[in-house]
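Good morning, and thank you for the time on today's agenda. I would ask you to keep the sequence and the model in view while I speak.

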Amino acid sequence: MGTLAVVDWMVIGLYFLLIAGLAWWVIKQKTDTTTDYFLAGRHLGWIIVGTSIFASNIGSEHLVGLTGTGATDGVAMAHYELHAWCLLVLGWVMLPFYIRSRVFTMPEFLEKRFSPLARTLLSGVSLLAYVLTKIAVGIFAGGIVFSVLIPELSFMGMNSFWIGSILVIVFTGLYTVLGGLRAVAYTEAVQTLVLIFGSVMVLYYGLDAIGGWNRLYEVAGPEMFDLWKPIVPDGYSATWAPVLGEGEMAWYFNSNYPWLGMLFAAPIVGLWYWTTDQYIVQRALGAPNEKEGRRGTIAAAFLKLLPVFLFIIPGIIAFALAKSGEMAVLQEALMNQQGEIINENAQASFPLLVAHILPVGIRGIVVAGLLAALMSSLAGVFNASSTLFTMDFYSKFRPDASEKHLVWMGRLATVVMVIIGLLWIPVIQGSRGLYDYLQGVQAYLAPPIFVVFFFGVFFKRLNKQGALSALIVGLFLGVFRLAIDTPVMLGEGFAYAEGSFFWIVNNIFFQYYSLFIFLVCIAVMFGVSYMTDPPKYEKISGLTYGTLTDEDKRMSRESWNWVDVSLSVLLVAVIGFIYIYFSG
């Protein structure tokens with residue numbers, strides 16, 4: 001059927017049996033309490049924590065979106081992958097506070113540090129972000145993979161895109177709903193191995209097809225290997241005036257990932273995602289102590305460097321094979337008649353490589369890896385969403401609910417999230433690209449959340465009034481931009497009048513707008529906090545650096561040794577080397 005041979009289907013079938021068997025074994029373990037179901041009983045060792053963080057992150061947006069961006073923009077998006085250093089910030093800076101407070105969720109930590117209203121607000125925004133980004137993107141990417149690999153599949157009027165989306169959801173949702181975080185974490189450990197092996201195969205056979213690394217560099221061109229893009233593209237003169245015309249461009253309109261945005265704005269999203277997002281931090285919260293949690297984050301940081309080579313480089317390979325004409329099927333699928341790459345079609349780069357350059361058998365393993373990534377990212381967000389809804393909303397309305405009842409409500413919440421995510425797919429289909437869409441939404445919602453967490457830990461004087469004001473102002477600015485962008489992505493041919501206020505806002509590069517929200521939130525948080533009364537420091541003991549007890553400091557110091565420090569320094573050195581190598 002399609003591009004897959006019988007042997008490929010046998011390999012995929014064995015993979016599903018393995019995952020189903022492992023999930024069933026975990027499901028039979030005890031998950032009757034909220035700690036068991038949502039945090040795996042806090043018994044996850046550092047290896048499981050590290051691989052689970054990596055597998056949760058490396059999902060559909062990488063296999064489909066990041067490879068597609070590699071084909072259109074080269075290594076520019078590698079900046080986001082090189083944010084592996086943010087995981088060190090989680091392990092060394094933020095995790096000790098989370099572990100010490102014994103929280104289930106990130107909003108719960110905000111409640112302890114600031115107020116119940118801050119918790120409710122963050123929970124609502126986080127659930128909104130999960131539906132708009134992770135769930136909808138995961139479903140969309142599953143559909144793209146199936147539409148490329150089995151294009152002729154149809155059932156009851158649905159094409160292969162929708163059939164693939166629904167199949168991935170049903171299987172993933174089933175073991176997530178039944179097994180909780182323990183099922184998610186253990187299946188992700190296996191999926192990580194399959195995913196890495198499969199992606200290495202695509203890289204190996206892809207380089208072989210193009211004729212090696214030097215040939216790839218020659219065909220793709222040096223600009224595809226430069227991390228640092230100019231403020232405005234070549235051939236344009238920069239201006240402050242809001243114009244976008246022949247040879248002249250407002251520098252803040254340039255959407256080709258200029259170095260200014262990557263250097264100052266991208267880390268805001270990176271630090272929010274890796275150090276404060278329930279989706280990621282929940283794995284570290286499942287560790288028994290600070291030591292295991294930190295070592296898990298260090299392991300995940302090293303794994304996080306792999307996508308630069310496993311997904312971005314294959315995207316450049318797909319572009320080079322299409323550009324050179326050495327593979328007609330790729331040229332036909334990815335390029336227009338003028339020899340330029342088509343952004344929407346580039347999203348299919350990874351599955352196209354799988355379908356046309358891999359030998360039989362190996363192809364089955366890689367498809368299993370594709371499905372592994374799709375399922376692991378979806379499983380992670382299903383579990384995080386149900387945790388947020390159950391522990392931060394439902395338990396407030398039903399404080400007398402039994403542990404078993406809360407677990408079942410978490411399962412029901414997962415089902416509802418999936419349905420909403422399906423309804424949002426048309427918006428993603430209208431965006432510039434999957435990874436662009438994902439980074440844009442996150443850039444609008446991340447700044448206020450990062451500000452209240454990060455500055456709340458470092459400055460004990462900041463209070464609940466400052467935190468709430470920063471959250472409300474920042475989220476208003478983010479949702480305002482989303483509301484302006486959505487009609488352009490949804491409407492066929494829809495555009496604002498050139499020169500109008502909405503047109504200017506819509507064209508400002510999302511990273512610059514994110515930086516603007518970030519600076520406004522800092523000013524609001526500090527300004528309001530210092531105009532109102534300071535918090536009662538005894539109530540936030542152990543939740544900020546200024547209120548740590550001697551016992552807190554002693555326990556933290558005993559949780560690490562020279563090995564942890566050395567590995568962290570090594571990681572930073574490796575990231576520095578990659579930055580230097582890909583500097584044009």
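I shall go from the whole chain to its helices, then to some individual residues, and finally to a pocket.

First, a note on the source. This is a predicted model, in which local features need pLDDT of at least 70 and side-chain atom pairs count only at pLDDT 80 or more, while totals for chains, interfaces and linings use all residues. Residues are numbered from 1 along each chain as its sequence is written, and side-chain values use heavy atoms, with hydrogens and water left out.

Let us begin with the chain. Its secondary structure comes to 26 helices and three strands. Helices here are DSSP runs of H or I with at least four residues, strands are runs of E with at least two, and both are numbered from the N terminus.

How much of the chain is buried? Of the 584 residues, 61% are buried. Buried means under 20% relative accessible area, exposed means over 50%, and partly exposed lies in between, with a 1.4 Å probe and protein chains only. The chain exposes about 22,000 Å², and carbon and sulfur atoms supply 68% of that area. Accessible areas come from the Shrake-Rupley method with a 1.4 Å probe, and for residues only the protein chains shown count as cover.

Contacts tell us how the chain comes together. Contact means heavy atoms within 4.5 Å. Among contacts with a separation of 6 or more, residues 24 or more positions apart account for 82%.

Helix α13, residues 278–285, is largely enclosed by the rest of the structure, because eight of its eight residues are buried. The buried residues of α13 include Q278, Q282 and R283.

G50 lies in helix α3 and is buried, with a relative accessible area of 0%. Which residues does G50 touch, not counting residues up to four places away in sequence? They are G296, A299, A300 and L303. G50 and A299 are 249 residues apart in sequence, yet their C-alpha atoms are 5.2 Å apart in space. An α-helix has 3.6 residues a turn, so residues three or four places apart point the same way.

G45 is partly exposed, with a relative accessible area of 27%. From C-alpha to C-alpha, G45 and G293 are 7.8 Å apart, although 248 residues separate them in sequence. G45 is also touched by E292, whose contacts, leaving aside neighbours within four places in sequence, are G45, W46 and A287. E292 itself is in helix α14, residues 290–304. Its C-alpha atom is separated by 9.5 Å from that of W560, which is 268 residues away along the chain.

R102 has a phi near 55°, a positive value in a residue other than glycine. R102 sits in the loop between α6 (85–101) and α7 (106–113). Y257 also has a positive phi, of about 55°, although it is not a glycine. Y257 is in the loop between β3 (248–250) and α11 (259–264). Are these two residues buried or partly exposed? R102 is partly exposed, with a relative accessible area of 46%, whereas Y257 counts as buried at 0%.

A brief word on cysteines. C86 counts as buried at 0% relative accessibility, and C521 counts as buried at 0% as well. A search of the whole structure finds zero disulfides, a disulfide being a pair of cysteine sulfur atoms within 2.5 Å.

Finally, the second largest pocket. A pocket is an open set of points on a 1 Å grid over the protein atoms alone, where a 1.4 Å probe fits, with protein on both sides within 12 Å along at least five of seven lines; lining residues have an atom within 4 Å of a point. This pocket is lined by 19 residues, of which T72, D73, E223, K229 and N256 lie nearest its centre. Helices α4 (60–73) and α15 (307–324) each supply at least two residues of the lining. The largest share, three residues, comes from α4.
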